[in-house]
Amino acid sequence: MSILEKKLPRTIPAHERLIAGVALVLRQTKSGSELLMIERAERHGDPWSGHMAFPGGRAQREDKTLTDTVLREVHEEIGWDLTQQAEYLGHLGPLPIRARGGLTGEELLPLVFDLREERDFVLNEEVNEVFWFPLQAFGSDDFRITFPYLHEGKSYDLPAYLMRNKRIWGLSYRMIQRLLG
């Protein structure tokens, strides 16, 4: 069963720990579904600097809902208006946010969209590059790796995907695992 056939919850949960959201945008091609990811720009002080991620970010005062947050962030980062270009399929449930080896006490909500109309990207300073990855590749062991992660003098072997020489790990890895379900 594809993600497009699954019934995802559509109502956004409300609680104080849910402070950020991202968009998992799928597009349909002749060879199957593809998932959009961004490579974050290198920025001093950003714990996720240079990482592979999904467009999105933290809620701001002007955002009435977490959906507003995701739509605003996607527009800011890649120049897309998902209200016009995609269908909202639902969300994957809240995920705890980790930074620098520990839980922050905050959560992020991944929203899933099916792209209907593709447009050119207009990247802002937060995004280095945009990629489309075949969704089925994430289900293959051919792209799974572990890598040593050093934190406070201790090494951990963490799971990841290696796609086109880009390591996808951490929260992005967990979101993809949940998407594949």
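This note describes a predicted model, point by point, from its nonpolar cores to its aromatic pairs.

1. Basis. Because the model is predicted, local features need pLDDT of at least 70 and side-chain atom pairs count only at pLDDT 80 or more, while totals for chains, interfaces and linings use all residues. Residues are numbered from 1 along each chain as its sequence is written, and side-chain values use heavy atoms, with hydrogens and water left out.

2. The largest nonpolar core. A nonpolar core is a set of buried Ala, Val, Leu, Ile, Met, Phe, Trp, Tyr and Cys residues joined through side-chain atoms within 4.5 Å; buried means under 20% relative accessible area, exposed over 50%, and partly exposed in between (1.4 Å probe, protein chains only). The largest such core has 29 residues, of which Leu24, Leu35, Phe138 and Ile168 touch the most other members. Two or more residues each come from strand 1 (18-29), strand 2 (32-40), strand 6 (95-99), strand 7 (102-115), strand 8 (127-134), strand 10 (154-163) and helix 3 (170-180). Helices (H or I, at least four residues) and strands (E, at least two) are DSSP runs, numbered from the N terminus. Apart from this core lies another, of 21 residues, including Ala53, Leu111, Val127 and Trp132.

3. Leucine 35. Contact means heavy atoms within 4.5 Å. Not counting residues up to four places away in sequence, leucine 35 touches, among others, Leu24, Phe54, Phe131, Phe138, Ile176 and Leu179.

4. The sheet 9-10-11. Two strands pair if DSSP finds at least two bridges between them. In the order 9-10-11, 3 strands form an open sheet with antiparallel pairing. Its edge strands, strand 9 (144-151) and strand 11 (166-169), each pair on one side only. Neighbouring strands of this sheet are turned by 50° against each other on average, direction ignored. Strand 10 and strand 11 pair over 4 bridges in the antiparallel sense, and alanine 160 stands opposite tryptophan 169 in strand 11.

5. Helix 3. This helix packs on the sheet, touching strand 9, strand 10 and strand 11, and its direction makes about 70° with that of strand 11. Axes are lines fitted to C-alpha atoms, for helices over the stretch in contact, and angles run from 0 to 180 degrees between N-to-C directions. Buried residues in helix 3 are Leu171, Ser172, Tyr173, Met175, Ile176 and Leu179. Just after helix 3, glycine 181 takes a positive phi of about 55°.

6. Aromatic pairs. The structure holds 9 aromatic pairs. Rings of Phe, Tyr and Trp (its six-membered ring) pair if their centres lie within 6.5 Å; planes under 30 degrees apart count as stacked, over 60 as edge-to-face and the rest as tilted. Tryptophan 80 and phenylalanine 121 are stacked, at 4.6 Å centre to centre and 15° between the planes. Tryptophan 80 counts as buried because its relative accessibility is 0%, whereas phenylalanine 121 is partly exposed at 28%. Phenylalanine 138 and tyrosine 161 form an edge-to-face pair, at 4.8 Å and 75°. Phenylalanine 138 lies in the loop between strand 8 and strand 9 and tyrosine 161 in strand 10, so this pair ties together parts 23 residues apart in sequence. Ring pairs link Phe131, Phe133, Phe138, Tyr161 and Tyr173 into a cluster.

7. Glutamate 87. This residue is found in strand 5 (residues 86-91) and counts as partly exposed, at 39% relative accessibility. Leaving aside neighbours within four places in sequence, glutamate 87 is in contact with Val112, Phe113, Asp114 and Arg116.
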